[in-house]
Amino acid sequence: MIACKSSATRLSGTVAAAVGIRYFSTVTSKASTSSRILLHGTPTGAVVSDVAAFWIRAPVFGTVRKASTMTLTEKEQEEEKKATSLNGGGKKEEEKGIVSYWGVKTNKITKEDGTDWKWSCFRPWETYAADLSIDLKKHHVPTTFLDKMAFWTVKALRWPTDLFFQRRYGCRAMMLETVAAVPGMVGGMLLHCQSLRRFEHSGGWIKALLEEAENERMHLMTFMEVAKPRWYERALVFAVQGIFFNAYFLGYLISPKFAHRMVGYLEEEAIHSYTEFLKEMDKGNIENVPAPAIAIDYWRLAPNATLRDVVQVVRADEAHHRDVNHFASDIRYQGKELRESPAPLGYH
Ligand SMILES: [Fe+2]
Ligand SMILES: [Fe+2]
């Protein structure tokens with residue numbers, strides 16, 4: 001795809017670069033009966049606002065021959081000059097053209113205090129206040145063989161984790177969130193595919209699991225602000241993700257009740273880790289720095305919130321994930337499909 005630098009760029013005979021097959025768009029102004037052919041790029045805002053655009057696929061050589069027969073009338077050129085100068089011209093105008101080319105504009109959002117909303121990865125209506133009253137001590141006692149297997153698998157995974165991170169809880173949290181964000185996405189994806197195959201509703205479970213994955217990813221985005229991964233930690237994440245994604249995918253296909261139970265126990269461990277994190281902060285071994293701005297906006301925290309507040313809301317999220325996943329496993333244990341019991345949506 002060729003990107004034009006100037007909004008006024010037009011094809012001409014001299015632009016006939018030998019580049020084989022290319023995509024380009026045909027843009028027709030309402031005001032004019034003559035067609036204008038632009039390379040996929042950045043037409044002026046004035047032109048864009050009045051255009052219908054569609055993609056066609058054709059060899060560039062053919063395009064050039066066609067375009068070279070076209071000229072703009074003097075009146076059109078005059079209008080275009082005016083539009084360019086009105087928009088300030090130059091780079092600013094070019095950026096505006098890119099954003100509005102397909103008519104998709106990102107509205108400017110302001111916070112309640114009138115300042116700009118600076119996050120493009122989430123919007124104010126996706127923020128929430130964590131439920132800090134949630135029971136942190138709830139534990140599902142493993143009774144069946146599968147439950148015990150899930151429980152001891154998680155316990156076994158904790159051993160190398162403790163050994164690797166020891167008491168570096170900031171780093172530990174960041175690294176574990178890279179794993180915690182996987183099961184929701186895998187489960188949600190598999191339920192999504194199942195819904196398509198079987199022509200049936202999901203009972204809200206696709207959304208619930210994808211929301212969990214997104215929530216976990218936001219935990220990661222938050223902890224990234226307070227702990228920077230080193231090269232070997234990045235390499236570890238790469239390897240662990242490759243193994244864990246595929247293992248969980250297979251595990252979910254074979255036994256969803258085992259997969260959800262295991263996540264339930266993983267979340268119980270996460271609660272324990274964050275409780276230890278808080279203890280270390282209270283002892284003064286970890287500095288209670290100001291909360292990252294992203295966390296203040298995402299969890300609707302007070303402007304003077306600290307890392308301690310962030311860890312508390314994250315821990316509350318983990319307790320919610322624990323309950324959701326044990327609930328999902330219980331549904332499957334009853335021999336039912338998840339869709340038969342509506343998902344607990346609306347927390348986040
Ligand atoms: Fe998390
Ligand atoms: Fe979690």
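**Entry 1: Tyr 298**

I looked up Tyr 298 and found it in helix H10, which covers residues 293-298. The model is a predicted one. Is Tyr 298 buried or exposed? I counted 24 other C-beta atoms within 10 Å, and 20 or more is the cut-off, so Tyr 298 is buried.

Next I listed its contacts, leaving aside neighbours within four places in sequence. Tyr 298 touches Phe 122, Thr 127 and Met 218. I also checked Ala 129.

**Entry 2: H6 and H9**

I took helix H6 (residues 169-198) against helix H9 (residues 256-282). Their axes come within 11 Å and cross at roughly 160°. Angles over 145 degrees count as roughly antiparallel, so H6 is roughly antiparallel to H9. The crossing is left-handed.

Which residues of H6 meet H9? I noted Tyr 169, Arg 172, Ala 173, Leu 176, Ala 180, Pro 183 and Gly 187. On the H9 side I noted Ala 259, Val 263, Leu 266, Ala 270, Ser 273, Glu 276, Phe 277 and Glu 280. I then sorted this contact by class: ten residues are nonpolar, two polar and three charged.

**Entry 3: Residues 235-254**

I checked the UniProt record, an unreviewed entry.

Methods: Residues numbered from 1 in each chain as written. Chains lettered and ligands numbered in written order. Predicted model: local features only at pLDDT ≥ 70, side-chain atom pairs only at ≥ 80, totals over all residues. Axes fitted to C-alpha atoms, helices over the stretch in contact; angles between N-to-C directions. Helix = DSSP H or I, 4+ residues; strand = E, 2+ residues; numbered from the N terminus. Parallel < 35°, antiparallel > 145°, perpendicular 65-115°, else oblique. Left-handed = near helix turned anticlockwise from the far one by under 90°. Contact = placed C-beta atoms within 7 Å. Nonpolar A, V, L, I, M, F, W, Y, C, P; charged D, E, K, R; others polar. UniProt positions renumbered as here; feature names shortened; annotations may be inferred. Buried ≥ 20, exposed ≤ 12 C-beta atoms within 10 Å, placed from the backbone.
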